[in-house]
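Hi,

Here is the model I said I would pass on.

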Amino acid sequence: HFELYMNNLNDFDENDQFLFVFRDRTEEAAAERVKNEFVSIVSHELRTPLASIMGFVEILLKREVVPAKRLKYLETIHKESIRLSSLITDFLDLQRMESGKQKYIPVPLDLRSVADNVSAQWKNTSTHRIETEFPETSCYIKGDADRVIQVLHNLISNAVKYSPGADLINLRIRAEAEQWIIDVQDYGLGIPEDSRDQLFNKFYRVDNSDRRQIGGTGLGLAIVKEMVEGMGGKVTFQSVLGKGSTFSVSFKAFSPISLSHKIVVVED
Ligand code: ADP
């Protein structure tokens, strides 16, 4: 926007000089817009579970509630608190990663044992069956265990959420061209063609009638992408609408064997 303020032209004579400074604010304005959008979505997303928690707590404090209902209300409060807590974690994680504040030191990591632990947690709690197919030996990559754990949690959680009618999820680790690839495959709703380009965008959610009731913030996959790429890996997916999706994360294989060149075996 350019505006020139000259109230009274008589204040100037022909010897006066003017300096015009033009600044392109397109990027600044776009960043501001994204930030405002972020704040408004965040506040809405945080208020919804909080309102529900406050509502039920108030009922429990003010009224006599029969035990069965009381339990139901407490379960809702519990569920909503968990949701609130994971929302806050997601927002902060993304914010920290984007501002470059969340640094990590890559270390050799066995993808198989990380995936084993994550799948064991899901096997205990999930409505879905998780079938694992892992190599016999360790699968070393270089990365950060907490980040890999979160990536797998996000992908498995989506696989569960978006396959309401199919209860099987396959978790597979395979080797390909010096890489370890981990697949999370479900047999659920699948992803419509016209959503595929935007799937990893922040706050993007597929707006189909088949999933309007399924809760979410549209941050899960943005976090996955940011984390995986931050560790030098790649995330891709394949999907057939109505048949299911497979999300694949690949990391360069790291061979601790190469370190053993330095090991000298001393025999008596
Ligand atoms: P959220 O699940 O909170 O909406 P995500 O960023 O994790 O956000 O996912 C973005 C969108 O991608 C979701 O709204 C969902 O429609 C779609 N999606 C993600 N994973 C799957 C999956 N395994 N199957 C079908 N759709 C998926």
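This is a predicted model: local features need pLDDT of at least 70, side-chain atom pairs count only at pLDDT 80 or more; totals for chains, interfaces and linings use all residues.

Residues are numbered from 1 along each chain as its sequence is written, and side-chain values use heavy atoms, with hydrogens and water left out.

**The ligand site**

Which residues come nearest to the ligand? Asn158, Tyr162, Asp186, Arg205 and Thr217 do, out of the 20 residues around it (a residue is near a molecule or strand if one of its heavy atoms lies within 4 Å of it). Tyr162 has a polar side-chain atom 2.7 Å from a ligand oxygen, and for Arg205 an N or O atom in the side chain is 2.4 Å from an oxygen of the ligand. With Leu221 the backbone is involved, a polar atom there being 2.9 Å from a ligand oxygen. The ligand on its own exposes 540 Å², and the protein buries 98% of that (areas are from the Shrake-Rupley method with a 1.4 Å probe; for residues, only the protein chains shown count as cover).

The ligand takes up the space of the largest pocket. For the record, the pocket search runs on a 1 Å grid over the protein atoms alone: a pocket is an open set of points with protein on both sides within 12 Å along at least five of seven lines, whereas a cavity is a set where a 1.4 Å probe fits but cannot get out, and lining residues have an atom within 4 Å of a point. A molecule sits in one of these if more than half of its atoms lie within 2 Å of its grid points.

**Elements around it**

α4, α5 (220-230) and β7 (244-252) each supply at least two residues of the shell around the ligand, and α4 gives the most, with 3 residues. Helices (H or I, at least four residues) and strands (E, at least two) are DSSP runs, numbered from the N terminus.

In α5, the buried residues are Gly220, Leu221, Ala222, Ile223, Val224, Met227 and Val228; buried means under 20% relative accessible area, exposed over 50%, and partly exposed in between (1.4 Å probe, protein chains only). These buried residues pack against α2 (67-98), α4, β6 (234-240) and β7. After α5 comes Gly232, with a positive phi near 80°.

What does Asn154 touch, leaving aside its neighbours within four places in sequence? Its contacts are Gly220, Ile223 and Val224 (contact means heavy atoms within 4.5 Å). Asn154 is found in helix α4 (residues 145-161), and counts as buried because its relative accessible area is 14%.

Thr246, in strand β7, is buried too, at 14% relative accessibility. Beyond four places in sequence, Thr246 is in contact with Asp183, Val184, Gln185, Thr236, Phe237 and Gln238. Its C-alpha is 9.0 Å from that of Asn170, 76 residues apart in sequence.

**Elsewhere**

Leu84 lies in helix α2 and is buried, with a relative accessible area of 13%. Not counting residues up to four places away in sequence, Leu84 touches Leu46, Pro49, Leu50 and Ile53. For Leu84 and Leu50, 34 residues apart along the chain, the C-alpha atoms are separated by 7.3 Å.

Last, a loop to check by eye. Most residues other than glycine have a negative phi. Ala177, though not a glycine, has a positive phi of about 40°, and Glu178 has one of about 65°. Ala177 sits in the loop between β4 (168-176) and β5 (179-186), and Glu178 is also placed between β4 and β5. Ala177 counts as exposed at 67% relative accessibility, as does Glu178 at 69%.

Cheers

Methods
A polar contact is a pair of N or O atoms within 3.5 Å; within protein, one must be able to donate a hydrogen and the other to accept it, and residues adjacent in sequence count only if both atoms are side-chain atoms.
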